[in-house]
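Please look over the sequence and the structure below before reading on.

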Amino acid sequence: MASHNTMKCGDFRTTYEKDSTIFPTPFSRKMVLASIAFLLIMPIFADSYVLNLSIQIGYYAVAALGLNILVGFTGQISLGHAAFFGFGAFASAWINNSTGIPVFFSIPLAGLLTMAVGLMFGVPAGRIKGLYLAIATLASQYILEDFFGRAGWFTGGPYGAMANPVSIFGFAFDSDQSFFYIVLFWLVLSFVLGANLMRSRDGRALVAVRDHYLSAEIMGINLTKYRIMSFGISSFFAGIGGALFGHYLGFISAEGFNILLSIQFLAMIIIGGLGSVMGSLMGVIFMVLLPEVMEFAAGGLRDVFPSLAHSMTYLKQMSIGIAIILFLIFEPDGLAHRWRMTKAYWKLYPFSY
Amino acid sequence: MTDDVLLDVKNIALSFGGVRALKDVSFSVKKGEVFSIIGPNGAGKTSMLNCISGRYQPNEGQIIYKGKEMIGLKPNQRCELGMGRTFQNLALFNHMTVLENIMVGRHHQLKNNALSGSLYWFTGAQKEELAHRREVEEIIDFLEITHIRKSVAGTLSYGLRKRVELARAVALKPDMILLDEPMAGMNLEEKEDMARYVIDLNEEWGMTVIMIEHDMGVVMDISNRVMVLDFGKKIAMGTPEEVMANPYVKSAYLGEEIELDQDDLNAEANA
């Protein structure tokens with residue numbers, strides 16, 4: 001059988017540098033660069049519906065990458081990711097509104113602030129594992145939600161907070177077209193950082209903690225440090241994603257950052273592929289586009305079967321649920337795994353042995 | 001072989017509830033030695049190794065390594081002082097490739113962190129990673145696992161996994177390496193290979209080896225000294241020839257009817 005480490009014919013690596021690149025083949029690197037180039041010109045011709053979806057995918061993907069580092073790579077569980085996402089949104093708006101720091105810089109600052117909060121809530125993770133940790137992170141979800149409701153100075157309390165559009169040197173990124181570039185910048189940056197992390201010392205340490213924590217400790221890895229650090233990194237990306245979300249919508253209210261969104265983040269990375277950087281993006285694309293595809297299909301069905309029109313909403317919701325369940329049954333390793341299998345298949349086609 | 005004592009274990013006692021796994025065990029290992037610990041199942045060999053590597057904290061006694069007290073230090077701190085080990089039951093990082101597994105062994109020698117590692121090209125992390133990759137390749141070459149370096153560890157056969165685990169421990173650059181049954185479950189050829197690696201590690205790489213092994217042929221052939229444990233007690237220690245001739249060892253292994261006087265036993269063990 002073709003394993004995913006089958007090397008392409010003619011792909012000779014003559015240095016260790018060439019053997020430790022982010023992308024497995026020069027072709028895949030070129031494809032990704034081409035996709036980024038395409039995305040750079042996309043706002044010129046894409047309509048606002050496509051741009052809106054792309055921006056959604058962008059900020060969710062940054063946050064999902066953070067959760068994947070925590071859950072997929074480190075093997076910790078978090079049911080409070082939406083709260084950190086929300087914290088990032090409020091933090092960026094607050095930094096901008098209270099200090100006048102331009103939004104362009106308040107976004108990374110919000111990431112750092114969220115990281116600090118994540119490190120704090122990550123402390124229990126140094127001691128507990130599995131279901132117990134799930135409950136502890138559930139507590140962080142509710143504590144932060146409560147904080148959003150009460151800390152009027154920070155979040156505007158029940159009235160919510162206004163978030164200014166991103167601006168730098170007097171240029172405001174206030175349209176979908178221009179904001180798209182901000183999201184694209186953070187998306188590419190986050191994924192490059194994430195991919196680099198996973199091929200350097202601390203990324204390997206995180207995976208080691210997940211795979212076999214006892215031998216990780218024998219290998220000189222400080223378990224407590226890396227478990228807490230993983231929460232910090234995860235919250236940093238959640239904060240960035242949240243800040244982008246906030247400045248895109250322009251108005252932030254606490255209701256959206258509930259446990260449902262946390263679970264949705266988990267669904268994204270499970271579908272995309274736990275422990276895969278690109279899987280995080282694939283999962284987000286799937287989860288954002290699925291309802292749209294279902295809406296489209298429902299529209300078509302409505303024309304064919306007018307009698308079903310009033311139950312179409314339920315059918316749509318149910319289909320989304322079924323799609324996810326089928327996914328977990330038939331592709332438990334996620335889209336990233338399926339992608340690798342597909343590539344391996346074509347590499348050897350038609351002689352698959 | 002020099003006479004410097006590298007590891008000095010004094011009067012270790014370890015109990016789990018009512019079970020006394022180790023009772024007053026003392027021994028010392030000299031620099032450059034191959035020191036084997038043998039004994040019947042449940043004798044406390046692995047418990048002893050766990051005490052040295054820090055997974056268990058003994059109830060009593062002292063463990064002095066390179067002149068430093070080890071009790072109270074965590075396994076990762078002991079690792080930084082130059083202690084490496086392998087496990088009896090495989091303990092690889094199953095979802096990582098062989099190469100990544102071994103690179104984890106370089107953890108405490110690498111300097112890049114989450115931030116500088118993420119910025120890979122700009123902070124020297126790349127240069128550092130590649131320099132260590134070069135050294136790791138030497139270990140891979142030495143242990144003859146070049147053909148599987150890109151395979152995922154969880155998919156390998158038992159014998160290969162054992163070898164990868166040894167490679168990972170060697171990557172720590174330890175002064176003392178603890179091997180827990182390195183030859184268990186292997187066929188003759190694999191055992192011969194492994195014995196050769198252990199000898200090379202000792203003689204060429206200059207590592208002091210403490211080894212638990214059940215294969216008496218291997219133990220007697222490659223060890224400088226052997227300690228025998230039975231029911232948590234040290235019943236004999238010495239060169240392989242001395243140990244083989246010891247009546248208490250015969251009794252523990254073969255169950256021969258020898259009147260074991262407790263005082264004699266203690267006198268023998270402390271000699």
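Asp24(B) counts as partly exposed because 17 C-beta neighbours lie inside 10 Å; a residue is called buried if 20 or more other C-beta atoms lie within 10 Å of its own, exposed if 12 or fewer, and partly exposed in between, with C-beta atoms placed from the backbone. This is a predicted model, in which local features need pLDDT of at least 70 and side-chain atom pairs count only at pLDDT 80 or more, while totals for chains, interfaces and linings use all residues. Residues are numbered from 1 along each chain as its sequence is written, and chains are lettered from A and ligands numbered from 1 in the order in which they are written.

Although Asp24(B) is not a glycine, it has a positive phi of about 50°, and it lies in strand S2 (residues 19-30) of chain B; helices (H or I, at least four residues) and strands (E, at least two) are DSSP runs, numbered from the N terminus. S2 belongs to an open sheet of 4 strands in chain B, with the order S2-S1-S4-S5 and antiparallel pairing, where two strands pair if DSSP finds at least two bridges between them. S2 and strand S5 (68-69) of chain B are the edge strands, each pairing on one side only. Strand S1 (residues 5-16) of chain B is joined to S2(B) over 8 bridges in the antiparallel sense, and Leu14(B) stands opposite Leu22(B) in S2(B).

A positive phi, of about 55°, is also found at Glu144(B), which is not a glycine. Glu144(B) lies in the loop between helix H5 (125-142) and helix H6 (158-171) of chain B, and, with 13 other C-beta atoms within 10 Å, is partly exposed.

Chain B is divided into domain 1 (1-82 + 175-183 + 207-271) and domain 2 (93-173), with bounds that come from an automatic or database domain assignment. The contact between them takes 4 residues from domain 1 of chain B and 5 residues from domain 2 of chain B, two residues being in contact if their C-beta atoms, placed from the backbone, lie within 7 Å.

Between the chains, the contact takes 28 residues from chain A and 38 residues from chain B. On the side of chain A that touches chain B, H9(A) gives the most, with 8 residues. That side of chain A divides into 12 nonpolar, 10 polar and 6 charged residues, where Ala, Val, Leu, Ile, Met, Phe, Trp, Tyr, Cys and Pro count as nonpolar, Asp, Glu, Lys and Arg as charged, and the others, Gly among them, as polar.
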